[in-house]
Structure formats: C-alpha cells, structure tokens
Amino acid sequence: MTPTHKPIRDPRERHSAGSFTALAMRLPGAVSIIMLGALAAGCSQGASALRPQGPGAQMIADLWWFMLALAVLVFVAVTAFLFIALTQHRRAGPPSDPERTGRHLIMWGGVVVPTVILLSIMLATVLVLRTHAQTQRVADVNIEVVGKQWWWEVRYPDHGFTTANEIHIPVGQTVRLSLTSDDVIHSFWVPELQGKLDLNPGETNVTWIQADRPGVYRGLCAEFCGLQHSNMKFLVIAQEPEEFDAWVEREQQPAAPPADNTALRGQQVFLGAACVYCHAIRGTNASGNLGPDLTHFASRQTLGAGIVENNRGNLGGWIINAQSIKPGNRMPPMYLEADDLQAVIAYLEGLR
Amino acid sequence: MSTSTLVEQPVQAGRLEQVWGGPTGLAALTAVNHKTIGLRFIVTALIFFVLAGITALVMRVQLAQPGMDVLSPEAYNQFFTSHGTSMMFLFAVPIMEGFGMYFVPLMIGTRDMAFPRLNAFGYWVFLLAGVTLYVAFALGLAPNAGWFNYAPLSSKQFSPGINIDLWATAITFLEIAALVAAVEIIVTIFRQRAPGMTMSKMPLFVWSQLVMSFMIVFAMPPLMLASVFLALDRMVGTHIYNVIGGGQPLLWQHLFWWFGHPEVYIIFVPALGMVSSIIPTFARRSLIGYLPVALSTVAIGIVSFGLWVHHMFTAGLPILGMSFFAAASMMIAIPSGVQIFAWIATLWGAPVRWSVPLLWIVGFLLLFVIGGLTGVMVAAVPFDWQVHDSYFVVAHFHYVLIGGAVFPLFGAIYYWWPKVTGRLLSESLGKWSFWLTFIGFNITFFTMHITGLMGMPRRFYTYWPADGWEVPNLISTVGAFVVGLGFALTLVNCIRGAMGRGQRAGNDPWGGNTLEWRVSSPPPSYNLLRIPHVRTRDPLWELAEAEEVVEYELRDDQRETLGTSTLDATPQQRLLLPSGSIWPLMLAVAVGITFVGSIASLIFVPVGAALSLVAIVAWNWPGKERPREQ
C-alpha cells in the first residue's frame, strides 16, 4: 500500500485513530478497553452493525441485544454455579446427597432452562425472518448487482443504465437487490443497512435494503474471493427521493462531450488506447465490459472499488499503474506520455 | 487375589517385554505399539500447532495497523489457508486421535490396538501429508483459497497454480490417516475391553473417542468425495463445480460442510472426554450423571450431522429450510448444557484438589460457555447474516476450538504427562502458562466479537484508516502475543520435563480412577501385566478397596491379548496381534507417490497403485506368528 494515495475518509468518523504510541500508552488498561472502550468505539467508528441506519439492520440489532441480554444472564448464572460448586466444600462441608443435587442441577441447568431460552430465541429468529421476507415482496426500486473480481457492477434495470461501486438509493424506500456474480462467489454486505447475502455465479439471490436517513454507508465483499478480497468495497448513497430522481436522470444521459481541447485530446487518447477493450462510455465507441462503466465516472466518490478518493492525483496514479494501489487487480499499467495522461485525466474528470 | 489363568506358567514381565518391546534405532521405523504411535501423533501434531501458531502471529502483525506491508496479499492468503488447514487437519484431529491411541488401550485394559500395523500406516500418511503441505508453504506454493476452499475460486480458471492441487491431494491423502485411526479405535473399543467393562462402565474418555471415531467414519468420506471432485475438475477437466459447464458451486459447500461441521465436534467431543476424565480425579468422587453425559456425547455426535447448512445461511437458500437448521443448531446447546451441569454437579461441594490440570478445565468451562452462547447467536439466521464471515465468527469458533478443545487438551497434557514420562511437569510454570493464555486469549478473541460487529470481514489482508478498525485490531495483536507466550511456557515446561527435570510421579500421582493409573509410569510396552476384571466405572478406586481381584493371564511368549464381547465385555477369544513391520511406512510412501505425483502427471496413479499393491502384499506376507487360536 503506497502512502501517497490518500484513502477516503468517512465524514461521520468522530475521532481519528491515534498514533501507534498513543495507542500503546492506552494499553495498560487493556481489559477495560476490551470490555467497554472497544464496544463504545464499535458504536462510533466505521460501518457498525450495531448502529443500524435502516429497518433491515435495525431488526437484526434488536435481535442481537435481546440475545446478548440472555447470554449475559446465562454466563453470570453458570459462573455463579461453578463458583459455588468449587467453594461449597470449604464453606459448608461435604454435601448430604450429592447425587440428588446433581440430578437437579443437570435437569434444571442442563435441560429445562436452556430449552426455554432457546425456544424464545428461536421464536424471535422466526419473527425477524418473517418480517424480512414480507418486506422483500413490496420493493419500490429494483437494482441488480454483479460481483466481479474485485469490483461491483451496479445496474438499474427500471431506468436503463449501469454504474459501478456506488449504489444510490432513495431514503425511506425499500430497494430490492438482485445479486449475481460473473466469476467467483462474493458476498454483499452493508452492515448499517442489512445483513449479507452471497453473489453466486449462475444464480440470482434477492435481498433488500432501506435507509432511514440520507448518508453514505460503507459496503464490502464478505466472502473470500481471491487476491484483492480486502479491497472490494463500495458505497451506498442514500438520498432524498427528489435528489435520487435527479441523479437517475443524470445517469441516464450519455457521457458529457469534452468541454475543452485538452479534454477532447484526452477523449481521442482514450478511444485510441487499450482503455476501450474493458471500459464503456455511453455516447462514444468505448463499449468494453470487463471493467467499470465510466459514463459518469467523475460523479463517483471513489476509485478502485471504494478504496481511494476519486481525485486527480489518485486517478493519475491509478491509470499509470493501478497495480501499485491494488496489487493483482485486472487493470494493466498504461504507458502514456505525460501530456497524454493529463489529457485523459481532464477528459475523465469531465464525465460528470 | 484370584487369577483366572489361560496359560500354564505364571506370566512374567520380562518375557512380555521381550515380546512387546519396541525396536530401537533405525528399526523404530517398524514400530507398531499403540503408545509409540500415539505419542508420535501427539508430538507431530504439536509441532504443526506451533507452526500454525506462528502463522497466526505473523498475520496478527500484518493486521496490527492499517496498510501494513509485512505480508503481500498472496502471502497473507497462503498464511491463513495454512493456519486453518494445519490447525484443523494437522493439529486438532491427529492430536485427539493420538491421545485416543495412547490412552484407550490402557484405560480399557488391553495390550495394543486391534490393527497395530494399520495404526503405524496412519501415522506415516499423516506425517507425509503434513510435510508436503509445509514444504509447499516454504516454497511459496501453499494453498491460498482458504481451508474451506470454495468452488469456483478453487477452480483451475481462478486458481491456475498448483497450490490448490496440493490442497486437494494432500487433504484427500490425509483423510486416509484419520479414517484408519477411527476404524482402529472403534474396533479396539468394541472388541478388546477388559472383562466386565460393559458399555455402561466404559470411562467417558473412551465413550468420547468412540463417538469421535464414528463421526470421522461418517464425516470424512464426503470431504474425500468433494476433494476428489475438485481434483477431477482441475486435472481431468470435469465440470462438477463449473457453472459454465452446467456444474454447481454450491455442491462444494454442501459436501464440505457436511464434513466441516461434524469436524468441529470431532475435535470437541474427545475434549469433553478429557474433561470428564480430569474432573472426577480432582473432585475425588465419581462423575455425577455418567449416563446423561454419555448419552449427550452420542447426541452431539448425531445432531452435529444436521447442522451443516448454518455455514451457508448467507448462500441464498430458502428461509424455511434454514429455520430447521437454525433450530437444530440451537438444539445442540442442550447436550452441551447437560455436560456442563454434570461437571458442575460433580464439583459441587467436592473436596476439590487444585492443580494445573483442573485450572485448565475451569478455564475451559468459562470460555466454552461464552463460545456456546455466541454459537446460539450465530444460529439465529438473521443475526448470522450480519456476522457471518466477520471477525465475530472468528471470535466464536476460537472460543469453541481453543477454549473448548485446546484448554482441555492442555489440561490433559498436564494430567497425563506423568503417566507418559514418569515425571510431573512444573506446577508454577503451568500456572503461569495457564494465566497468560487465559488472559491473552480473552484480550485477543473477546475483542474480535466487537471487530466483527464493527463490520470487519475475515480474510482481509489489510484495511484502511477509514474503516475504523485499528483499535480492536491492535488489541487483538497484543493479546495474540500474550497467548503465544502462554502456550510457549507449556512447551518450555514439556521440554524441561523431556530432559528429565521434574519430580518423579509414581504410578498414580493424582489418585485417578481409570486403569491407566494401575501401571508404572511410563507404562510398560505390554501395558497391564494381568488384565483385571472390572466391576464399576471407577475400576482403580474399586480395585484399591476390593478384597478380591479377579485377573486374567495371557501367554507371555507371543503378542496375545483378550478379545471380549461388544456390549458386555465377556471374554471370548485370545487375539494374536502382528509384530512390527516396515511395510506400513512403505505403503504410506507408495500411496503418497500416487497422490502427490498425480499433480505432476496422471501416470503416477497407475505407478503408485502398483507400488501400493507390492507394499500391501509384503505387509500381509505370513510371518513367524502362530495362527490365532480360540
């Protein structure tokens, strides 16, 4: 990982990571950090399943807190029993009828109480499953996601366009996702919105997401899919319905024509180079489908599937040698003259 | 004392030693004694444990901070694949089988296992497969698609190197070792128990080994099938998992987890048996709830075959179907709960004697309860959608496998070490080792629950500051080194002990209740001089108080042991066991050539088969032994 590429930062991140030494100084209280500090951190940083932003993740978080409460109860009870068992002799001497006590312990502790607890968890599970299945049937928007090593193709079949690594959704509406894969198995996961579902080649799995408020939610691949599994991320951008409609309308347009001479030259370089074998830009002859559709490339926030910020420096680095940012990805190094590179960047930056 | 003798002259220890004694020097390659082979399994598995532990530490360094460059993405993938594959196939299963091989014959009062040469063959296969995998690792060619090796990532198209070929062949090869050991343990337990040791009087460790072995017999063949299919896809060009050719990648997942879930219990069930052996000794009373515990062990073995789909809750299967597997996965908490409360009941008010083995067992109880509780959580399908393939699951199964199996295993090492070596391990080093491991373990893995809930998936070779995972990852890395130190102290303890340090133990340092404590430490090659008639579940406590002991004598001039009936253990026949032989090793090499050679060229398949045939004929060539007599 080259440090020169500035990674994207989550705007909602409340505190930045301390330096190594600062963290090391905090370690003496390791145990308390573990129990409480990290849980708190879990709620304040990154994309946490415990900070649900939509009904899908909310139901699951509720189920979790319910199970956690029961689990803490059980753990405390078993620990107490164990403690009493081990100290009983010292306190009260030998028991009168250990066999009888034992039968009761096994019957109540091992069978009856666990059965009641498990049944209640099973009931809660079935209720959540039912709600999940019911919600899926009444989706407002359809989106198809195709997993590829190591990026996401995002299609809007109702609106007739394709984009990549960024899923825009209208706030408060249920979005049905049809998931499939072009190569190996991937798994679609947006912790703040919904649990994960695999993208299997040759099959389509269906799930749904819904966001309660506008925001950018981080998503990632959760099924090991090869060399760059770690860097197969995406963003879900939840917008007010009007904003979403405006975005859809923009996306439906073909690519913007080059705005100036540099950009025009960039377009010529692009169309004359190997770029067109993999990338499509609607409105031009570029129609490759091995890499992301670049029609509205400049409107996207990230490069390399949610890895680095989409800015001029990162874009130049990515075109020249994407391998230095994301080793093993399918984009070969592009040998361009300096001014050709500048022109291509100018062209791509105009694709709003 | 009355002796029911089957021979004319009184049995003599010296002559038994001559007949049963193991070969030395280079001839040790021909050894077949169950204790020699068992110990080889245990020591070899521990070496793989150390290697796999080191890979874990390197991975923890890589993840200590965002964007670390200790391992390349490819190296990281090889590391985690090797870590998982070694821990499951080269450490956990073999070491549990090794303990079974060493102690089951002693506990049931027989001279050796039913098929000693097969036993030796199993060990050599295990060793060769393990060495193959680690040679590949050293050459940078280790498998890199995870220990679960999902199709189609593992297909030739997406993994063109020989890495996956090595996995498929080495694993198929390795399963032979697990299967022969399982068959051997089953037959030995069914046919060679001391007279009077009916099924309902077997030590619970023996029960657990029996259940484990049956599980291996039913779980390993689907894995072999799966890996042979994979090898065919890769080497011959079939389309079993290939979508484009009409194949089905999900078939791999079903076959793999049909094996993979029972596998977890294959590791865990013998650990339960260890706990049930250690607790009565230190509570100084018989286990309370023998029958519920034995039945729960069997129940766990059976139910564990109905859970595999809970590894596939995110694969897009029908919701109704998944609910059944969720219910079955939760149900397995009940037999586990029964066992936990049986152990608590046994300790309840008992005059507990505190020593290092018990410390590991108490640690086990606490950790296993946590692992069991998170296990119930991940059985709840929607919650699993959130935490599946995240660090929450990594935390869960380390609680179950390290807390649930390795802690009892370390307890067992401290417990049985004096029997194997004749000397006690250092108590103070043992306590240090326990506390460091226990604390370090919780620092590392408790934190991972949170890392997972924060959205970090498994098998990420790196992450970015924006992901917000650096604090829990750094904590886990620090904790991992504390665990490493904790385990290392036991290793140091063992090395000290192996060099002859430590207090002499005598036959029975702990006041144990099972027959292995009746013989000297280390046990003689022939185990018991005479085979006692067993009347209760705690034969040693019974024999100590009995006024009259009935014992059986066998011939001391050939490898003879007593065959008894399966349920009631009534004496039926005198079994003649074979002597040492080099051919098990030769056969293992021949089979190894077949498997590993097939990666280079399919010509090795007929060549290896021919060599194997030669080895099998030589193995079975009639020796000097007299024929079996009834």
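Helices here are DSSP runs of H or I with at least four residues, strands are DSSP runs of E with at least two, and both are numbered from the N terminus. The model is predicted, with local features needing pLDDT of at least 70 and side-chain atom pairs counting only at pLDDT 80 or more, while totals for chains, interfaces and linings use all residues. Residues are numbered from 1 along each chain as its sequence is written, chains are lettered from A and ligands numbered from 1 in the order in which they are written, and side-chain values use heavy atoms, with hydrogens and water left out.

Next comes the meeting of the two chains, where contact means heavy atoms within 4.5 Å. Chain B brings 95 residues to this contact and chain A brings 98 residues. The area buried between them is about 8300 Å², with 75% given by carbon and sulfur atoms; buried area is the accessible area (1.4 Å probe) that two parts lose on being put together, summed over both. On the side of chain B, the residues that lose the most area to chain A are B:W348, B:Q386 and B:W464, together 11% of what that side buries.

Charged side chains also join the chains, and a salt bridge is a side-chain nitrogen of Lys or Arg within 4 Å of a carboxyl oxygen of Asp or Glu. Between chain B and chain A there are two salt bridges, and in one salt bridge the side chains of A:R218 and B:D467 meet at 2.6 Å, N to O.

Over all chains, the structure has 20 salt bridges. Within chain A, the side chains of A:D340 and A:R265 meet in a salt bridge at 2.2 Å, N to O. This pair links distant parts of the chain, with A:D340 in helix 9 (residues 338-349) and A:R265 in helix 6 (residues 261-272), 75 residues apart.
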